[in-house]
Amino acid sequence: MKFGQALEQEARADWAAHYVNYKRAKARIKEKADVPQYKTFIMEECNRVESFYRIMVEELKRESEALKALMNQSGSVEMMVNRSWKHTEDLGDLYDFGRLNHDGVRKSLKKYDKTFLTQQPKLQSQYLEELKTQYKFFSFREDLKDLLFQCAIFWNEDATKLRGLRASEIREVLPASFPLAGQLVDQKKMHSSEETETEAESDDEDKGRKAGQIKVPQTEAEKDEQFEQQYTHQRLSKPEWNNFLADYQKLNNILKELAKIAGVKSAFAPVASLSMSDHPAAAYGAAPEIIYEGKRIKEDDWFKLVDKEVEDISKVTDAEVTRVRSGLVSLRDRCEGWSKKTKDKSAAQTGARASVMLQQLGALEQEAKQLGSDFLSLEKFVNLNFQAFEKLLKNHDRLLPNTPCHQFYMSKLRNQGWIRNDFSDVFVTLSDCHSLLRQDSTGQQNTDAKQDFVRNTKKYWVATEHVSSVKHLILQHLPVFKMSSGGGDSQLINSVYFDNRQMQLYHGRMDKTPGAIALRLRWYGTECNPVFVERKTHLDAWTGNVSVKERFTIDEELCVPFLNGSYTVNEYADEMRRQGKKEADIQSACKLFSQVARAIESKQLGPTVRTQYMRTAFQIPFDASVRISLDTNLCMVREDCCGYASTITERWRRDERVPVKASELTHFPHAVLEVKLQGDVENPPVWVKDLLEGGWCTEVYKFSKFIHGSAVLLTELVAAAPYWIDDVSIRDSVNASAPKGALTKRGNTVAFPGAKADDDASSISFGDGVRKERRANEDEDAEEAHPLLGQMRPTGNQKGARATTDFLGRQTPKAPRNPPGDVECTCCGLIQVEGAGTLPRKVPVRIEPKTFFANERTFLAWLHMSVTLGGISSALTVFADNDSKEGAGVQIMSLALTLVAAMFILHASHSFYIRRLSIRKREDAGLDQIAFPIFIGCTLVVSLLGILIANFSESLGPAPPPHNGTNWTLLALEQPGPIEQSPLPPAHHP
């Protein structure tokens with residue numbers, strides 16, 4: 001791994017501003033900074049690191065002395081354990097802080113020497129030694145030595161003997177659970193990291209250069225070869241998997257040999273359908289035969305080998321899952337025992353007992369992390385085998401097209417227990433273990449009828465392959481919030497959003513106008529009772545208000561009467577009084593009831609879009625200070641089939657028994673992570689920053705399931721689409737929901753659970769998130785063009801595609817310009833008009849008063865420049881010689897400057913007006929201009945060059961002839977004595 005990437009991953013999030021800026025150091029090298037400049041930059045970085053380092057060392061010293069005094073006297077064992085654990089973590093982080101900054105400075109100097117081949121003395125050899133004498137963080141090992149030894153004593157009193165031991169003997173004395181054993185051993189060696197560096201450590205730029213030279217596979221054979229290399233690398237990196245991973249190379253080689261023979265046998269009859277019976281030879285009796293490793297192998301033998309590999313992997317997976325589950329059950333019992341002992345006030349409250357409990361805590365924490373890592377490794381093992389089998393089956397259909405088997409075998413593969421089974425209970429048990437070790441305390445439950453949630457929310461996309469890793473990281477700090485009594489870690493959530501035919505609420509949420517609302521009816525689990533009526537209101541934060549979510553509950557059978565107005569607020573209040581609710585809660589809930597009912601009636605709202613997903617929530621029960629949710633298997637479906645407001649008479653949501661057309665449903669390909677904070681949202685916990693900056697999550701500003709579903713499924717009703725709709729990673733999911741006329745081949749439908757689909761329709765269950773099966777029978781060459789996207793996949797000589805984003809870091813092909821059918825107005829290639837075939841994109845714009853003031857300041861800056869140019873023009877006009885040819889040229893140039901100044905004023909006025917309108921409408925267009933500023937800038941340059949040329953030609957011309965008249969002023973000055981009034985000179989006639 002490159003050092004720059006290692007620095008970003010290992011850096012503590014809340015200390016990020018105090019690490020050496022390694023990227024900036026490399027940028028300074030690219031800017032060709034000389035040695036004094038580079039030394040100055042390095043010294044500034046060292047000063048910033050040093051100031052923070054000294055502060056943290058002093059804080060840790062004070063905490064160490066306080067813990068030492070606390071351990072020597074009786075006190076709360078629980079408090080001793082918690083403070084000692086935090087002190088140990090901070091000390092380890094500071095040790096890594098010193099190591100990373102030491103290596104960062106050293107590598108920066110080394111890179112400078114290597115780039116410029118500086119002569120002796122080299123920066124790395126001599127200047128680094130000079131820095132070590134000035135800054136203490138270079139000697140972090142010596143500075144933190146006493147703190148490390150004292151911390152070890154907190155964990156075990158026998159650690160007092162560590163000072164006289166060699167590095168190889170330290171681990172024998174320290175408890176196995178002590179997390180800083182590696183730092184103590186490293187400190188004892190007293191070798192700097194540069195002394196242990198080997199030539200094998202290649203430079204970052206060399207690595208990047210080599211990575212840039214990797215050939216991108218183009219053909220199927222090249223892709224197959226690349227996957228085989230990657231698969232072999234994974235086998236070598238995990239020796240324990242070697243005997244259990246599918247033998248991809250062997251199976252692939254057999255396929256290639258069979259394909260060579262099959263290409264020669266012309267009499268080989270194609271198989272119309274594949275049905276795997278007990279005697280597959282009946283279907284493949286005429287298949288080609290080869291000799292491989294001394295054995296006769298036919299195509300049916302290859303299938304038998306695949307079946308055997310699948311069976312072996314299933315056995316290994318089941319055994320490993322059983323081991324992890326039993327280990328976690330045992331661990332949870334021991335964690336419960338440790339928690340009870342720690343909170344036992346009747347036991348001895350001494351430092352010795354605190355040390356024992358601290359050792360047990362470290363051992364239990366290590367075991368929990370190890371079991372979690374084992375489960376993640378198992379998931380990687382399963383995914384790697386699944387990819388291998390899928391690749392093999394695709395290769396089989398490509399090499400032996402007469403016997404297609406990919407669809408059949410993939411269906412069979414997905415029915416295997418190691419793929420189909422739900423293993424989320426492992427995360428629940430693991431979460432319980434970490435919660436017991438953290439000793440989480442439960443908050444107070446809110447039992448009000450009307451519930452308000454005021455918090456700051458940010459949303460992120462998480463790639464499917466990172467979901468388990470994200471879950472594992474979160475549950476180490478927050479427990480899984482189980483909303484129902486079940487073994488899994490997630491719960492099914494359905495939400496029906498309301499809007500009218502003008503999509504008024506959609507556009508209000510899209511524009512983020514103050515007071516914009518979103519209305520939805522939500523229920524949890526498979527039983528649609530009770531139903532939560534929720535209203536989300538957007539308010540600008542600069543006004544002192546915050547966005548809020550309010551909700552109340554009603555029974556499912558009352559939803560239709562509530563929506564059409566027949567169920568009144570008085571009836572709702574009477575029902576709450578019968579339930580024994582408080583009068584204050586009744587008044588608050590009734591107020592929200594009336595407001596929502598009034599909005600439904602006045603805006604003529606009705607069911608529009610429904611979202612369904614599995615949500616895993618992480619939260620200390622009834623404590624909403626930090627709440628994280630992870631939504632997987634997200635899909636949206638149209639619901640505009642029940643009417644609006646008073647016309648809703650029978651149903652308020654789609655009938656699950658009626659199949660849903662593919663164009664009325666869209667599956668979202670990623671998981672959605674929501675981080676919701678209360679209180680000091682600008683300074684979240686350290687682990688939250690580590691999670692968000694770890695590279696697994698990509699923030700998508702103001703992402704909304706309602707907006708996404710409406711834009712994809714109700715394209716004909718919306719006037720604009722969200723900016724993320726063009727991201728390359730969701731393109732296939734959007735195209736899969738294209739209307740019937742947009743695809744060459746379509747016709748399959750999707751059914752709700754329990755629905756009876758047509759016999760000729762390929763259907764799956766709504767909500768199982770399997771999009772590939774729905775499109776299995778579709779022709780891969782079918783034209784896919786959702787009206788929302790327009791042309792997104794130019795191929796061959798086809799021109800044009802909309803500019804796309806790539807939030808998850810996947811490579812996006814650069815789209816050619818000038819799509820067919822689009823009208824493009826160009827002015828030297830500077831002005832481009834978006835094609836009329838697609839909807840405009842909108843980015844949520846945050847508007848504050850300072851935005852208007854910034855527009856005014858820009859307007860005044862343009863006016864200031866125009867006044868300056870006007871003044872220069874006036875000066876040139878006054879001092880120009882009217883009688884000479886050069887003077888006439890200067891006057892012409894001054895006139896040009898006057899015109900430029902006028903153009904500045906016109907441009908400033910026009911831009912001020914346009915930007916003001918865009919700001920008021922919360923649009924992201926019209927805020928920047930390219931063509932006109934460049935035009936007037938060129939005009940200004942031409943005018944100044946003309947003045948320069950005129951002055952230069954005047955200076956090179958002949959000297960002006962002497963004046964024949966008498967200079968009376970000079971004569972008067974030359975006369976001695978007082979100056980007297982002189983008569984006027986006589987008139988001079990030609």
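Begin by selecting strand E7 (residues 531-537) together with E8, which run antiparallel and are joined by seven bridges; two strands count as paired if DSSP finds at least two bridges between them. Helices (H or I, at least four residues) and strands (E, at least two) are DSSP runs, numbered from the N terminus. This is a predicted model, in which local features need pLDDT of at least 70 and side-chain atom pairs count only at pLDDT 80 or more, while totals for chains, interfaces and linings use all residues. Residues are numbered from 1 along each chain as its sequence is written, and side-chain values use heavy atoms, with hydrogens and water left out.

Within this pair, Val531 stands opposite Ile554 in E8. Six of the seven residues of strand E8 (residues 548-554) are buried, so the strand is largely enclosed by the rest of the structure; buried means under 20% relative accessible area, exposed over 50%, and partly exposed in between, with a 1.4 Å probe and protein chains only.

Next, select Ile554 itself, which is buried with a relative accessible area of 4%. Leaving aside neighbours within four places in sequence, Ile554 is in contact (heavy atoms within 4.5 Å) with Asn529, Pro530, Val531, Val533, Cys559, Phe562 and Tyr572.

Move on to strand E10 (residues 626-638), which is mostly covered, with twelve of its 13 residues buried. Which strands pair with E10? Strand E9 (residues 606-618) is joined to E10 by nine bridges and runs antiparallel to it, with Thr632 in E10 as the bridge partner of Met614. Strand E13 (residues 671-677) is also antiparallel to E10, through six bridges, and there Leu673 in E13 is the bridge partner of Leu630. Strand E12 (residues 665-667) pairs with E10 in the antiparallel sense over three bridges, where Cys635 stands opposite His667 in E12.

Centre the view on Trp302, which, leaving aside neighbours within four places in sequence, is in contact with Leu251, Ile254, Leu255, Leu258, Ile297, Leu392, Leu393 and His396.

For the last stop, select Val35, Tyr38, Lys39, Ile42, Met43 and Cys46 in H3, which meet Leu123, Tyr127, Leu131 and Gln134 in H5. Also on helix H3 is Glu45, which counts as buried at 9% relative accessibility. Leaving aside neighbours within four places in sequence, Glu45 is in contact with Tyr19, Val20 and Asn21.

Finally, zoom out to the whole chain, which has 31 helices and 17 strands, and of whose 990 residues 43% count as buried.
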